[in-house]
Amino acid sequence: MRYVIIRDDDTCALTPVACLEELYRPFLQRGLPVNLAAIPRVNTRAVWRDGSPEGFRAFASGKEPPHLALADNPDLVGYLKANPGFRLALHGYEHTYMEFQRARGADLVHRLDHGLKFFAQAGFSPPTTFVAPYDQLSRAALCEVTQRLPILSTGWFELGRLPVRWWPVYLRKKLRRTPHWRVGTTRLLTHPGCLLSHQRDLSRMLDTIRRALENAPLTVLVTHWWEYFHRGVRNPAYIDVLHQTAALLASEADIRVISFDDLLHPDAALGEALRASGLG
Ligand SMILES: [Zn+2]
């Protein structure tokens with residue numbers, strides 16, 4: 001059995017319900033869970049390194065208050081609660097540029113604890129999983145995040161940014177060549193890049209995904225909802241690729257789509273896949 005986790009980043013108070021509904025109804029209808037890495041209190045003026053607006057501002061008017069908590073969008077909160085196929089992961093705090101690459105522990109603690117508070121304030125259960133904006137974490141951030149949440153999903157790990165006490169376990173992971181690893185009760189997952197990205201060749205995307213899933217016991221597929229509506233313009237061809245991905249995942253008898261939360265309560269088959277992928 002091969003397992004797949006779908007991770008969509010950047011849901012926040014600026015996300016129109018209609019976007020999530022169009023993108024993910026075919027997944028939910030097939031019983032495939034979708035993990036939304038959600039920003040608890042979004043910075044509505046967030047910009048890229050070059051100063052251009054963040055993609056998740058695609059539908060913002062520019063007249064919003066500087067920050068919006070999830071609870072400030074009751075339509076979105078109600079929609080997510082009404083559709084339990086969506087599972088929420090904590091995606092930073094306000095998603096300012098490289099927010100969790102900072103070194104100062106006190107600042108990171110503030111962001112994490114307030115992020116969790118804003119999740120609770122919106123009535124969501126405590127998240128099990130953390131996703132850093134841009135998948136970038138400092139050593140201090142790794143320590144603070146993993147003291148609070150049992151699962152971290154990111155792009156890759158570098159020895160130089162890991163807590164020194166993790167080094168022996170990391171070196172064992174490198175020797176075993178597993179994609180994921182575990183330190184005590186902390187599950188550390190990598191992903192093979194954003195295979196579903198509007199910057200990639202749409203005609204080859206499905207094949208690339210199919211290849212990535214081959215022989216991989218557990219794969220995290222990452223995408224961003226706003227890329228299908230870049231700058232507010234709907235991209236039907238790209239949306240179609242996402243929907244073909246749902247059909248592919250549902251049609252393969254030996255593929256099961258799971259949520260991050262499922263990693264904490266594996267049945268026998270998933271337990272086997274977790275051991276093979278480094279999470280056992
Ligand atoms: Zn993000």
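This is a predicted model: local features need pLDDT of at least 70, side-chain atom pairs count only at pLDDT 80 or more; totals for chains, interfaces and linings use all residues.
Me: Why does the radius of gyration agree with a compact globule?
Reply: Compare the value with what chain length predicts. A compact globule of 280 residues would have a radius of gyration near 19 Å, and the protein has 18 Å, so the two agree. The C-alpha trace spans about 50 × 45 × 35 Å along its principal axes.

Me: What share of the residues is buried?
Reply: A residue counts as buried when 20 or more other C-beta atoms lie within 10 Å of its own. In the protein, 41% of the 280 residues are buried.

Me: What share of contacts joins residues at least 24 apart?
Reply: Take the contacts between residues at least 6 apart in sequence. Of these, 76% join residues at least 24 apart.

Me: Where is the kink in helix 1?
Reply: Look at Leu23, within residues 17-29. The kink there is about 50°, shortly before the proline Pro26. Leu23 is also buried, along with Leu20, Tyr24 and Phe27.

Me: What covers the buried residues of helix 1?
Reply: The cover includes strand 1 (2-11), strand 2 (34-38) and helix 7 (236-251). Just after helix 1, Gly31 takes a positive phi of about 75°.

Me: Which residue follows helix 5, and what is its phi?
Reply: Arg177 follows, with a positive phi near 55°.

Terms used
Residues are numbered from 1 along each chain as its sequence is written. The bend at a residue is the angle between axes fitted to the seven residues ending there and the seven starting there. Helices (H or I, at least four residues) and strands (E, at least two) are DSSP runs, numbered from the N terminus. A residue is buried if 20 or more other C-beta atoms lie within 10 Å of its own, exposed if 12 or fewer, and partly exposed in between; C-beta atoms are placed from the backbone. Two residues are in contact if their C-beta atoms, placed from the backbone, lie within 7 Å. The radius of gyration is taken over C-alpha atoms; the globule rule is 2.2 Å times the number of residues to the power 0.38.
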